[in-house]
Amino acid sequence: MSEHSRTDRDDSGVSVPNPLRWIGVSALGLFAEVGRVARFSGGVIGAALSPPWYPGEVFRQIGRIGFYSLPVVGLSSIFIGAALALNIYTGGSRYGAEQFVPNIVVLGITRELGAVITGLMLAGRVSAGISAEIGAMRVTEQIDALKTLSASPERYLYAPRLIAALVTLPILVALSDIIGVMGGWLVSVQALGFDSTVYLRNTVDFVTWEDITAGLIKAVVFGAVIALMGCFHGDRSKAGATGVGRAATLSMVSAAVLVLALNYVMSTLFTEIGL
Amino acid sequence: MSAPLLELKDVIKSFGDNHVLRGVDIDVARGCSLVVLGGSGSGKSVMLKTALGLMTPDDGKIIFDGADVTFAGGREREEMRARIGMLFQSGALFDSLMVWENVAFRLIHSDGVKRAEAREKAIETLRKVHLGPSVADLRPAELSGGMQKRVALARAIITRPDLVFFDEPTTGLDPITADAINDLILDQVKALGAAAISITHDMASARKIADEIAMLHQGRIIWRGPASEIDRSGNDHVDQFVNGRAHGPIQPSL
Ligand SMILES: Nc1ncnc2c1ncn2[C@@H]1O[C@H](COP(=O)(O)OP(=O)(O)OP(=O)(O)O)[C@@H](O)[C@H]1O
Ligand SMILES: [Mg+2]
């Protein structure tokens, strides 16, 4: 925003800050940015929905986005599940409600944390990775070269990444749900004196398909956000190593913020419609 | 001379206050090899990118095979590009793909050629740029700069396009390989009847491959004529450039 002046000169020639002007300029900038993201996303979604497709590219991206994210998603989920169980135990014991640990853990993981943790980890690992790669291709003229070879970057680069993210995120979130619940179970049985069988039966009896579906719907939306933010910022990358680095940072930050914001919006919506 | 295959009419392109092209008029016909000279930073690469539609001109027209393609999009643009080969100054090879996949990219992805067949064709084309089959399975990053340039050249000509742009085809090559590339460019034009626009600072190469030579200076084509007249152009700017003199009408804009 630094190119927009934050001060206006009055008649005496003295610089005075003008917050209204600054707010106006920022708001216009934000609207323009949202417009650009929407236009870009529309193009990529259109390419993903119509032939020609590049199945080879899609599978390659599924491997890169999905398979190599397994360790990071697994590790973060087990720790979150374990910490969640401990906190619920501490809180619950104040009301003598410790026995609800399995119920709250599985609810929290399936509806919120599985998807949010996976979304956030992939905003870092995948979104930044995509935008650094695309940014490097942009600044070394590989994107231009693609166009001259009659392959549109939307189809050959961006749509495969979007499709791969849409397919893999729900699978990763499902795994994160299972591993997160296991983290809670492990700490409850090992440290909090729960009976293993009872804990697991309570978990399975309590969780509903609605809880799981809610998390998986979020996963699909987060998948789109992560892939599109990565491609968008990479595509706009400015020349040089700093330009590419900046694109990676921007895509990570914007994907993470969008994941958290959209998570809240969707949680509200699901409560409204009773999902 | 037949009708031009590509025509740029009064093309203007600026980046902010940097007025790069200030009204470029140029055309090239089938079977004609045009060499464009010009100082570093004079806008030669920008001119080629504008002609291809990778950059949109601020003003002016681009006519390809009789049709105005200045703002062409979608299918029309793709059909145009399918008939043009471009060698980028930087090579612009896809570093995630192997050398032969780079060379055969258009065959595999646009023309629907089977991979085995495309590979054969790629190796055959690599041989034309003096590269052996052993490089086919390497990644571009494993090649020297001059080898990358030749792979990029092979990628540009594999489908025998009607029009080829060569952005500094011989830069970074030893004189023997450079001359082989000159022959290859001539072959594209004379044997296959393509039109070619080459950018070069290498006067030996220019003299060998050019039917016509044009000079881009301060955003305009200031001289154009048959290659045989390059030493009798009567233009001080061209003389200074051709003879490589630091002093003369062309001064670095500092
Ligand atoms: N994408 C771009 N954005 C902004 N300015 C650009 C861009 N591409 C080129 N320019 C500017 O346009 C001018 C001409 O660049 P160009 O690459 O066409 O030069 P050139 O004649 O090919 O030089 P060289 O012989 O060194 O390759 C330069 O001043 C450059 O800074
Ligand atoms: Mg150049």
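The residues of the shell around ligand 1 comprise four nonpolar, nine polar and two charged ones (Ala, Val, Leu, Ile, Met, Phe, Trp, Tyr, Cys and Pro count as nonpolar, Asp, Glu, Lys and Arg as charged, and the others, Gly among them, as polar). This is a predicted model, in which local features need pLDDT of at least 70 and side-chain atom pairs count only at pLDDT 80 or more, while totals for chains, interfaces and linings use all residues. Residues are numbered from 1 along each chain as its sequence is written, chains are lettered from A and ligands numbered from 1 in the order in which they are written, and side-chain values use heavy atoms, with hydrogens and water left out.

**View 1. The shell around ligand 1.** Of the 15 residues around ligand 1, those that come nearest are Ser40(B), Gly41(B), Lys44(B), Ser45(B) and Gln89(B) (a residue is near if one of its heavy atoms lies within 4 Å of the molecule). Helix H1 (44-52) and strand E2 of chain B each supply at least two residues of this shell (helices are DSSP runs of H or I with at least four residues, strands runs of E with at least two, numbered from the N terminus). H1(B) gives the most, with three residues.

**View 2. Polar contacts of ligand 1.** A polar contact here is a pair of N or O atoms within 3.5 Å. An N or O atom in the side chain of Ser40(B) is 2.6 Å from an oxygen atom of ligand 1. For a polar backbone atom of Gly43(B) the distance to a ligand oxygen atom is 2.9 Å, and for a backbone N or O atom of Ser42(B) it is 3.2 Å. The protein buries 63% of the 640 Å² that ligand 1 exposes when taken alone (Shrake-Rupley method, 1.4 Å probe).

**View 3. The six-stranded sheet of chain B.** The sheet is open, with mixed pairing and the order E6-E7-E8-E3-E9-E10 (two strands pair if DSSP finds at least two bridges between them). Strands E6 (84-87) and E10 (220-226) stand at the edges with a single partner strand each, so one side of each has no neighbour in the sheet. Strand E9 (residues 212-217) and E10(B) run antiparallel and are joined by six bridges; Met215(B) has Trp223(B) as its bridge partner in E10(B).

**View 4. The hairpin of chain B.** Strands E1 (residues 6-15) and E2 (residues 18-28) run antiparallel, joined by eight bridges. Ile12(B) has Arg22(B) as its bridge partner in E2(B). Two residues lie between the strands of this hairpin, and Gly16(B) in the turn has a positive phi of about 60 degrees.

Notes: A polar contact is a pair of N or O atoms within 3.5 Å; within protein, one must be able to donate a hydrogen and the other to accept it, and residues adjacent in sequence count only if both atoms are side-chain atoms.
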